[in-house]
Amino acid sequence: MKLFTRLYASVMTWARHPRAGYYLGGVSFAESSFFPVPPDVLLIPMAVARPDRAWWFAFLTTVTSVAGGVLGYFIGAFAFEYIEPWLQASSYWPEFETTRAWFGEWGVWVIFVTGFSPIPYKLFTITAGLLSLGMLPFVLASFVGRGARFFLVAGLLRYMGPRFEPWVRKYVERIGWATVLALVIILVYLRYL
């Protein structure tokens, strides 16, 4: 069964599609305020498939991510009471509490590190709005933090991707099943320990 080989081939074909940039921008925007899938899922194969466009993909991801972050900011500022019950019932609540504590300790500076945090960016955007963080510092810090992450990913893939892609294609089944196994182990560990 070559599940991951077929999936990888589909993703690489899709990443070369003329409208792939629109999908990347849409996912980047949505992820910053409400969508659970990070834009790296599209940015990585797109930068590997088209290394000549990697910088453009990083720029597009950054701009649309920050624009989505502004939507998240407004959700936190004006609609938090509507999402709070869902947030408390979800697995995001402990991370939201951590995010709120980080803002209390470091203020706007926490936005600079959000691009590299395992906590979803949407929690930072919503919390920034909830805590009435200044909009201009929020947007500027988001551009720097998110841009650093996306340009780092794109840069690595622009230069390493063409050499790395044949290796990934060769071992994609092993990588895929190892990832599934690792996720199962992590979920079992978190659930029972």
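Ala67 is located in helix H4 of this predicted model. With a relative accessibility of 37%, Ala67 is classed as partly exposed, because that value falls between the 20% limit for buried residues and the 50% limit for exposed ones. Although Ala67 and Phe29 are 38 residues apart along the chain, their C-alpha atoms are separated by 6.3 Å. Helix H4, which covers residues 54-78, has the highest mean pLDDT among the elements of the protein chain, at 96.

The lowest mean pLDDT among these elements, 72, belongs to helix H1, formed by residues 3-15. Where pLDDT is low, predicted coordinates should not be read in detail. Arg6 has its place in helix H1. The relative accessible area of Arg6 is 53%, so this residue is exposed, the cut-off for that class being over 50%. A separation of 167 residues in sequence lies between Arg6 and Glu173, whereas in space the two are 9.5 Å apart from C-alpha to C-alpha. For the protein chain as a whole, the average pLDDT is 86, and 93% of the residues score at least 70.

The secondary structure of the protein chain consists of nine helices and zero strands. Read along the sequence, these elements give the pattern α-α-α-α-α-α-α-α-α. The radius of gyration of the protein chain is 18 Å, close to the 16 Å given by the globule rule for 193 residues, and the chain is therefore as compact as a globular protein of that length. The C-alpha trace spans about 50 × 40 × 25 Å along its principal axes. Of the 193 residues in the protein chain, 42% are buried. Among contacts between residues at least 6 apart in sequence, 77% join residues at least 24 apart.

Thr99 is found in helix H6, which comprises residues 93-106. Thr99 has a relative accessible area of 0% and is therefore buried, since the class of buried residues takes in values under 20%. When residues up to four places away in sequence are not counted, Thr99 touches Ile119, Leu123, Phe124 and Thr127. Thr98 is likewise found in helix H6. The relative accessible area of Thr98 is 31%, so Thr98 is partly exposed. Thr98 and Pro118 are 20 residues apart along the chain, and their C-alpha atoms are separated by 12 Å.

Both Ile119, which is touched by Thr99, and Pro118, whose C-alpha atom is 12 Å from that of Thr98, belong to the lining of the second largest pocket. The volume of the second largest pocket is about 150 Å³. Besides Pro118 and Ile119, the lining includes Glu31, Pro36, Val37, Pro38, Ser117, Pro120, Tyr121, Lys122, Arg146 and Arg149. The elements that contribute two or more residues to this lining are helix H8, residues 121-130, and helix H9, residues 135-192. By residue class, the lining of the second largest pocket divides into seven nonpolar residues, one polar residue and four charged residues.

Terms used:
Residues numbered from 1 in each chain as written. Predicted model: local features only at pLDDT ≥ 70, side-chain atom pairs only at ≥ 80, totals over all residues. Heavy atoms only, no water. 1 Å grid on protein atoms, 1.4 Å probe; cavity = no way out; pocket = protein on both sides within 12 Å on 5 of 7 lines; lining within 4 Å. Points joined across faces, edges and corners; volume = space filled by probe spheres on them. Helix = DSSP H or I, 4+ residues; strand = E, 2+ residues; numbered from the N terminus. Nonpolar A, V, L, I, M, F, W, Y, C, P; charged D, E, K, R; others polar. pLDDT = per-residue confidence, 0-100. Rg over C-alpha atoms; globule rule 2.2 N^0.38 Å. Buried < 20%, exposed > 50% of the residue type's maximum accessible area, 1.4 Å probe, protein only. Contact = heavy atoms within 4.5 Å.
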